[in-house]
Amino acid sequence: MAKKALGLDLDHAAIRAAEVIRKGRNKIVSKVVEYPLARGTVSDGKLVNPEELVRSLKAMLEAEDFSAEAAVLGVRSSWVTVKIHRLPSMTKRELDKALEFEVPELVSFPVESPKDICYDYFINWQDDREVEVVVVACSRQHLNPYIRAFRESDLSLEVIDLPAMGWPDLLAQEGRRAFVEVSAGQTTIMVMLGPLFKVLRLVPIGSIHVKQGVQEAFGCSDTEAQELLSQHDLDYLLMEGQGSKRLLRAAIQQFAGSVLQTLDFVRAQERAANFRAMLDEVILLGELAELSGLGEMLQKEVGLPTLPMGQLDLNLSFQGDQPERLSSFGSALALGLRGVVA
């Protein structure tokens, strides 16, 4: 377990980094940084341009005063399998052995050999008869380029993880929550009923699609669209502008519809009368978490309190003032915390 770790969340055009320090029982965020990454370096979680990632990592480390050498990298992609699986109750050692044979049948990608798979799991619940595990697996061929790239940088890659699995650990209080992260190219929805994992879903709608809708509606550049998103609320964006609102409205409708569909899937599984019967709140993370009006819109749709992560009590303290747009660093913070508690 490292005393300092750098959580690295790679997205469409940025590296979000959070340095977390462990001092006794306290976990302190010493610094968060958003650093530009050339578009096309990472696509759907796959490292397309390793040389550019190495260059950007070295430039970021040179520009920023990070002291952590251990890094925890997050990957989010449709090629990562997250699956709930039940087996007869057994010891941890027996479970490890059983999953060596079970995992190749569970993954959603072609497998020639078990050696082609990288996976980890945790026990969701267990009784005298059954054990339920959550398996996270991906193809080794997609991780190897990251491993090679980090060897060329000045960082020691300690862990590669799925950022969503660390979101609940960021919050000071346990609860029944749906987490919704809007990253550049996709939305990740995860439902946790207290300590129990229920579902993780990726939807191919992200902030770049919303931004394209704003560009069409206002006839503006990418930079100007970003400024509009940061300066105005959702109602303004949907109502004003002289251009077509078709793309923007479609993106928002698909986003809200995907959240509703995912929650309804869990509701049916739990045989709950409504969302309030099974969930306490919805937590927003990512680039659009603090877009004024987005949370209010979603709250009306799902009938649950909907808040940006940055407005909640966290299991972290900050060295200095809490940074602005904290919710956009949710995954980087979760990865940094993972590095000091694992």
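Modeller: The buried residues of α10 are G330, S331, A332, L333, A334, L335, G336, L337, G339 and V340. Buried means under 20% relative accessible area, exposed over 50%, and partly exposed in between, with a 1.4 Å probe and protein chains only. Helices (H or I, at least four residues) and strands (E, at least two) are DSSP runs, numbered from the N terminus. Please note that this is a predicted model, in which local features need pLDDT of at least 70 and side-chain atom pairs count only at pLDDT 80 or more, while totals for chains, interfaces and linings use all residues. Residues are numbered from 1 along each chain as its sequence is written, and side-chain values use heavy atoms, with hydrogens and water left out.

Biologist: How many of the residues of α10 are buried, and what follows from that?

Modeller: Of its 12 residues, 10 are buried, so α10 is largely enclosed by the rest of the structure.

Biologist: What span should helix α10 have, and how far apart are its end C-alpha atoms?

Modeller: Helix α10 covers residues 330–341 and should span 16 Å at 1.5 Å a residue; the end C-alpha atoms are 17 Å apart, which agrees. The expected span is 1.5 Å times one less than the number of residues.

Biologist: Let us turn to pockets. What is the volume of the largest pocket?

Modeller: The largest pocket holds about 890 Å³ of space. On a 1 Å grid over the protein atoms alone, a pocket is an open set of points with protein on both sides within 12 Å along at least five of seven lines, whereas a cavity is a set where a 1.4 Å probe fits but cannot get out; lining residues have an atom within 4 Å of a point. Grid points are joined across faces, edges and corners, and a volume is the space filled by probe spheres set on the points.

Biologist: Which residues lie nearest the centre of the largest pocket?

Modeller: The lining has 37 residues, and F122, D161, M165, G166 and R338 lie nearest the centre. Elements that give two or more residues to this lining are β8 (117–126), β9 (130–139), β10 (156–161), α4 (167–170), β11 (176–182) and α10.

Biologist: How does the lining of the largest pocket divide by class?

Modeller: That lining has 27 nonpolar, 4 polar and 6 charged residues. Ala, Val, Leu, Ile, Met, Phe, Trp, Tyr, Cys and Pro count as nonpolar, Asp, Glu, Lys and Arg as charged, and the others, Gly among them, as polar.

Biologist: And what of the second largest pocket?

Modeller: The second largest pocket has about 620 Å³ of space. It is lined by 30 residues, with R16, K211, Q226, E287 and R325 closest to its centre. Here α6 gives the most to the lining, with 5 residues. By class, this lining has 10 nonpolar, 10 polar and 10 charged residues.

Biologist: Where is R325 found?

Modeller: R325 is in the loop between β16 (317–318) and α10. Its phi is near 50°, a positive value in a residue other than glycine. R325 counts as partly exposed, at 43% relative accessibility.

Biologist: What does the side chain of S77 reach?

Modeller: The side chain of S77 reaches the backbone oxygen of D44 at 2.4 Å. A polar contact of 2.5 Å also joins the side chains of S77 and W79. A polar contact is a pair of N or O atoms within 3.5 Å; within protein, one must be able to donate a hydrogen and the other to accept it, and residues adjacent in sequence count only if both atoms are side-chain atoms.

Biologist: What is the phi of D44?

Modeller: D44 has a positive phi of about 50°, although it is not a glycine. D44 lies in the loop between β4 (42–43) and β5 (46–47), and counts as partly exposed at 36% relative accessibility.
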